[in-house]
Amino acid sequence: MNIKIKELKTDVAVMKNLEVSVGRVLEETWAEPVGPTPFPSITDLREWDFKLLQRYKPFYLPFCDVCCLCTMGKCDLTGNKRGACGLNMAAQQARIVLLACSIGAATHTGHARHLLEHLIEKFGRSCPIDVGGINVDIEAPVTRLVTGIRPKTLGDLEEVLDYCETEVTHLLSACHTGQEGSNIDFESKALHAGMIDQVGMEVADMAQISAYSFPKADPEAPLTDIGWGVADVSKPVILVIGHNVPSSTGIIDYLTDKRLYNKVEVVGICCTAIDITRYSPSMAKIVGPISWQLRFIRSGIPDLIVVDEQCIRADALVEAQKIKTPVIASSPKNCLGLEDRTKSPAKEIISDLVEGKVPGVLILDPEKVGEVAAETVMAVAPKRKKFKSIPEIEEVIKAAQGCTQCNECRRACPNDLPIPYAMKAAAKGDLKPLSEILEDCIGCARCDSACPNDFPLHSFVVAASQKSLIKEKFKIRVGRGAIQDVEIRNVGGPIVLGEIPGVVALVGCANYPHGGREVAEMAEEFAKRRYIVTATGCAAMSIAMQKDEEGKTLYEKYPGDFDAGGIVNVGSCVSNPHIAGAAIKIASIFAKLPLRANYEEIADYVHTRVGAVGVAWGAMSQKAASIASGFWRLGVPVIVGPHGSKYRRMLLGRKDHEEDWYDYDARTGDRVYVGPTPEHLFYAAETKEEAMVMIAKLCIRPADTTKGRAVKLTHYIDLHRRLYGILPDDIHLFVRTKADIPITMKDEILKFLEKKKWKEGRIINIPTLLPRLIRERKE
Amino acid sequence: MARAEPWQTAEISGPKKAHVITKPAVVVAMIKKAKRPIFVVGHKAVETELGEKKAIDFAIGLAKAAEIPVVATAHIVGEFIKRGFHPAAWMPAMDIGNRLKDSEWNGVDGEGQYDLALFMGMQYYMEWLILSGLKHFAYKHLTTISVDRFYQPHATWSFPNMKIEEWTKNLEDITSMLGEK
């Protein structure tokens, strides 16, 4: 706490510019005592990290043989050679993981800081935190758990961000040459970065839910439109891209104030789209995830593009110029080389944009962005006439006839898509193979860059798919935000006992190996099986973008309750802490564990009892790395798609190492074999089928009741048999007593167990990795 | 044969790159020399067509001729069984990579770690990374060979990028030479 006094006159002295710093004051009115680790430093939870890392050891997958981060390099690190600084390959890989997680944590914390500064300016420091009214008492589970403070107003969040910023600075500094030298300590710091990231995200979402009145823990948040074809192209169209929503709210507010809402379309891509529909589900629409950027911009539909921050293509301005669309950059983190016109009169800026004097402007004032965007788009749209950069079909066919089949496009494609084959077919007038490519395309356009003929191949693919894209219209449930305390009370017991088989969190970006449909398939499979399916960000969008035979999307078919069989869109990337928070709240509300600054004990509880698993099927970014890392430290395993192997490090358990899988029985202190539960902490699956089986398996926890274990095994075995065509070969590791065996599979499994020479084991109700939690120590 | 360049253009590895397999006899010699070989086959073996057969059929032929245990990754164990072939084990690609890295691993049969691992049928980039992990952390006990169609620079030995026909011919030749006892 800092107290500044300009002038203080007393009987004995006159003091000017007095500043008193009294350190951190923790709230005294909160009855819950402060736990052991308020505002933990980068080493305070190191012991917990080491427990996890002892069980889930890193498997490094170097992207490159060398290190090139300092001028002594490049250093060849092959065969575990050491570089000029003394670092070996394992530590270098762990350093890169830490770097990625620190970038992710910095990005969310920076996002939260800019958002909070704006909201405090607009709504005041005393604006109350309210994420769910009377339905949510624990408004900030992650913040309470990590920092030990209970924020009540926007102003209270500043101190939380001060802490995050300090930690991120320390973490980043550990990456410097000549700092940390141990791979395991780098890993511990990466886990710290993940935890900080969760706090930063929670601050951002709490602040925007509270100030902007987003849906507040509402299972019945409204449905809104999503898809390439949702925009009414007869109107001027504003496209917003990014993650930080104030400039987009500025547009909605201006259109509302001027009663222009029927005259302009506002559509969005990526998380800013999710958040603008949380702000105004009736006025805003979602085009799609991150990978929809090029296909939509090149279509010529947007008459104006507003970008804020994160996950925006670096060539957005270049692409916008190709369709004669002006751009407004609105974040200090993404200025695009544009002139800062924040202080210029709005009329001047509008005139410059409409007349095409400048390709775009930087405006660091969300309200001004609203005015300039709305007025500019109405003037620009009639001039542009939806000028597009997608070629006509005839041009595609003609170009295809000039394709030399050099394969450079395919070799540049992350998904090895058969573009040369499709071009050969297109040359003969058959555009079907080209249009099929769009299904699996992540929209990176590396094919464009690679083509020696400079063919805009991504545009060819979009041109071939135009008819289906126009029809692309779906429904998505608007992000609901937090999980209600009463929902936790209802499901906490069934989750911990294993009767609700698990919580599956489908999160992350859209770098999918086979398009977003695989995410939707996973969501439906587990919702049907009565798991709780939660979603955020691009994954939440991908879930929406499939229809059944009756034309219904998953959000129309499944409820938004945090309950068995629900598909729960909690919101954007920064809403991920609501999922972590739900796990934390189970420990706090259901198990009544102290929450305040009690990270290790709560993480131990979540790890051993809460059958939750994260799935980031298209994880691409550093933010996705830090989000995953936040779940790891909390003891929640994360599965990524095959591209996730490029994060260069897995955290894998070894089920064949029996000695790795002993937990303490907190009642007696006995060390008891609990099986590989959960088997991995971070792992990339090769196929959707493999991931689905692993999801079911990773939901198994040591504390499952026999009934719960039987339910979980039923799903694991059933999925394995259906997708692999055979029984799993490790059932004996998960059957503790015969009562764990699913009744419908009893004979078959008993035979299997006999073959494996299985012996009955013990069930412990209170497993823990922490010796300090043992209640009665044996002498 | 084509040049030995990574199939995905930007997947440049570094100073240590795979030796190029110039003729099938190299693979045959390596397999024959190995004391404990193993064959890791990924899901793309089921998707990739070589003429009228699939890559998995060639993998089975090679494994039978060489009498090498197969580890099926992803979800394809059932596809092997449908073809009357029982893999020695099945597990995720990351798990087999992690176990091959561990010099103390006892193998799928409990008889000890392997000294030669053949790879086929994962996504190019995923196989690339697993081979990298093994190149850096298993180099003392393990030699790796990619028998895939595309050059894998992190393997110890790899075919260069090939046309399907060339690849088919190479796999047929390896199998046939291994059959000549």
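## Close-up views of a predicted model

**View 1. Helices H12 and H17 of chain A cross at roughly 130 degrees, their axes coming within 10 Å.** H12 covers residues 393-400 and H17 residues 457-464. H12(A) is therefore oblique to H17(A) (angles under 35 degrees count as roughly parallel, over 145 as roughly antiparallel, 65 to 115 as roughly perpendicular and the rest as oblique). Look for Ile393(A), Val396(A) and Ala399(A) on H12(A), which meet Phe460(A), Ala463(A) and Ala464(A) on H17(A); contact here means C-beta atoms, placed from the backbone, within 7 Å.

This is a predicted model, with local features needing pLDDT of at least 70, side-chain atom pairs counting only at pLDDT 80 or more, and totals for chains, interfaces and linings using all residues. Residues are numbered from 1 along each chain as its sequence is written, while chains are lettered from A and ligands numbered from 1 in the order in which they are written.

**View 2. Helices H23 (residues 576-590) and H24 (residues 599-609) of chain A pack at about 100 degrees, with axes 9 Å apart.** That angle makes H23(A) roughly perpendicular to H24(A). On H23(A), the contact residues are Ala583(A), Ile584(A) and Ala587(A); on H24(A), they are Ile602(A), Tyr605(A) and Val606(A).

**View 3. Asn88(A) sits in the loop between strand S5 (75-76) and helix H2 (89-123) of chain A.** With 18 other C-beta atoms within 10 Å, Asn88(A) is partly exposed (buried means 20 or more, exposed 12 or fewer, and partly exposed in between). Leaving aside residues up to four places away in sequence, Asn88(A) touches Leu77(A), Asn80(A) and Arg82(A). The C-alpha atoms of Asn88(A) and Cys67(A) are separated by 9.6 Å, the two residues being 21 apart along the chain.

How values were computed
Axes fitted to C-alpha atoms, helices over the stretch in contact; angles between N-to-C directions. Helix = DSSP H or I, 4+ residues; strand = E, 2+ residues; numbered from the N terminus. Contact = placed C-beta atoms within 7 Å.
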